[in-house]
Amino acid sequence: MSDKAGLFRPDSLSEALHLLATVPDSRPLAGGASLIAMINARIVEPAALVSVTQIAELRGIRVSPSGEIVIGASTRHRDIAEETRLSGTLAVVPDAAGQIASATIRNMGTIGGSIAHADPGLDFPPALVAAGAVVEVASTAGRRRIPIVEFFVDWYATALSPGEIVVAVHLPKPKPGVGLYLKHRRVAGDFAIVSIALSRALDGETHIAVGGCGPTPVASAEADRILSCSTSGAALAQAGEVLTALADPVDDVRGTAEYRRLLIPRMLRRAMFDAAAKSAA
Amino acid sequence: MRVDGAFEIDLPREALYRSITDPALMAICVPGCENIEKIDPTIYRAAVRVAIGVIKARFNLVVEVTQETPPECVQSITRGEEGGRASQLTATNQVSLIDLGDGRTRVEYVSDLSVTGRFGRFALGIMRKKAQSIANEFADNLRTRLVAGPPTGSNAVAANNRGQSE
């Protein structure tokens with residue numbers, strides 16, 4: 001940030017949205033887990049920051065009358081990791097939240113900030129895809145809801161328009177079943193090399209999303225259909241092939257693209273075994 | 001970092017060669033390109049906008065054509081930086097045109113690209129993907145402009161703006 005950079009701390013959402021719409025080159029600041037690190041590294045230099053963490057309506061988790069679970073955008077990773085109402089098929093979300101980086105970062109980072117940053121190695125994006133989330137966003141022009149698979153559009157790019165922020169993540173009413181997040185990383189606290197988010201209802205309905213293997217989480221209606229019908233070795237191999245074919249990983253310090261492609265079917269198999277073991281328990 | 005690829009276009013090689021060496025047309029087809037200016041017979045200056053997520057940058061580039069073999073091959077060196085020297089970029093490039101007959105040409109390109117500074121620090125693994133997507137968009141823009149009938153003003157603008165919409 002330049003020396004003249006401003007920090008605004010509005011108390012209401014409408015005030016925050018007004019600031020973001022009118023202050024040139026302003027950015028919303030939530031927990032700062034990514035943005036402050038990027039400012040310190042001089043990767044981005046916004047002219048102004050609009051802090052949203054003191055806005056009460058963006059905080060906390062509530063259950064709607066219909067049983068839908070609504071997570072406010074400034075809810076911290078730690079609070080999501082400990083949330084017992086995110087159970088059954090939605091357990092994938094707290095499982096992923098508890099594996100994000102380190103305890104320090106889980107105490108700072110927020111779900112809204114995480115998905116708006118849309119780093120391909122993050123843990124929430126695949127977990128929310130597997131859970132069938134819908135993202136509620138707002139700007140001075142009003143509110144709208146975006147299905148999670150349409151929210152992530154490219155490397156570090158989302159469907160958010162300028163001046164628009166994430167206000168909540170809506171999750172469908174949890175079904176009895178299993179949700180889990182399998183993360184392969186170099187060391188504790190690192191980004192995923194490859195991750196598998198799994199949500200499987202008792203009736204067999206299964207949703208899988210792969211993290212770290214492309215610009216957006218890799219998911220496929222066909223792979224979900226295969227795994228919902230059968231968990232045979234052949235079905236697992238077939239679903240693994242479908243997902244691997246859709247992956248578009250990069251070569252980086254965490255591993256080569258080829259290595260990531262090899263991991264997808266293996267980790268899928270392990271995630272399905274873990275899910276079976278969890279349901280039997 | 002090596003970025004390479006190829007595409008085919010329904011245009012005779014000579015005509016295509018004239019097109020890809022026409023700065024005004026390149027300014028329209030290169031995604032994010034704001035202008036290209038010819039400084040001397042082999043040196044061009046260009047301004048190109050690139051965005052990866054929160055990083056939105058405007059590179060000031062100098063392209064030096066080092067070897068021209070009409071209508072087969074152009075070699076060039078691109079050097080440039082963002083304002084404030086936040087990122088620097090150097091690339092050696094070669095574009096080859098292969099006559100496929102029947103008025104069709106295959107374009108092969110290879111570029112050895114190095115990026116330092118904030119882009120390099122932030123997302124080196126993703127730079128290659130980004131470079132590849134810019135190249136694909138360029139091929140689409142070129143096709144739209146040269147092959148898909150006489151372009152209207154709005155089409156050309158639409159094609160050019162795709163690269164800036166991120």
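## Helix packing and domains in a predicted model

On the α10(A) side, the contact is made by Leu236(A), Ala237(A), Ala239(A), Gly240(A), Glu241(A), Leu243(A) and Thr244(A). On the α11(A) side, Arg261(A), Ile264(A), Pro265(A), Leu268(A), Arg269(A) and Met272(A) take part. Eight of the contact residues are nonpolar, two are polar and three are charged.

Chain A is divided into three domains, as follows.

| Domain of chain A | Residues |
|---|---|
| Domain 1 | 6–51 |
| Domain 2 | 56–171 |
| Domain 3 | 179–280 |

The centres of domain 1 and domain 2 of chain A, taken over C-alpha atoms, are 19 Å apart. Here 11 residues of domain 1 are in contact with 18 residues of domain 2. Helix α1 (residues 13–22) of chain A gives the largest share of the domain 1 side, with five residues. That side holds seven nonpolar residues, four polar and no charged.

Now chain B. Four helices and seven strands are found in chain B. Their order along the sequence is β-α-α-β-β-β-β-β-β-α-α. Of the 166 residues in chain B, 25% are buried. Among chain B contacts between residues at least 6 apart in sequence, 48% join residues at least 24 apart.

Methods
Residues numbered from 1 in each chain as written. Chains lettered and ligands numbered in written order. Predicted model: local features only at pLDDT ≥ 70, side-chain atom pairs only at ≥ 80, totals over all residues. Contact = placed C-beta atoms within 7 Å. Helix = DSSP H or I, 4+ residues; strand = E, 2+ residues; numbered from the N terminus. Nonpolar A, V, L, I, M, F, W, Y, C, P; charged D, E, K, R; others polar. Buried ≥ 20, exposed ≤ 12 C-beta atoms within 10 Å, placed from the backbone. Domains from an automatic or database assignment.
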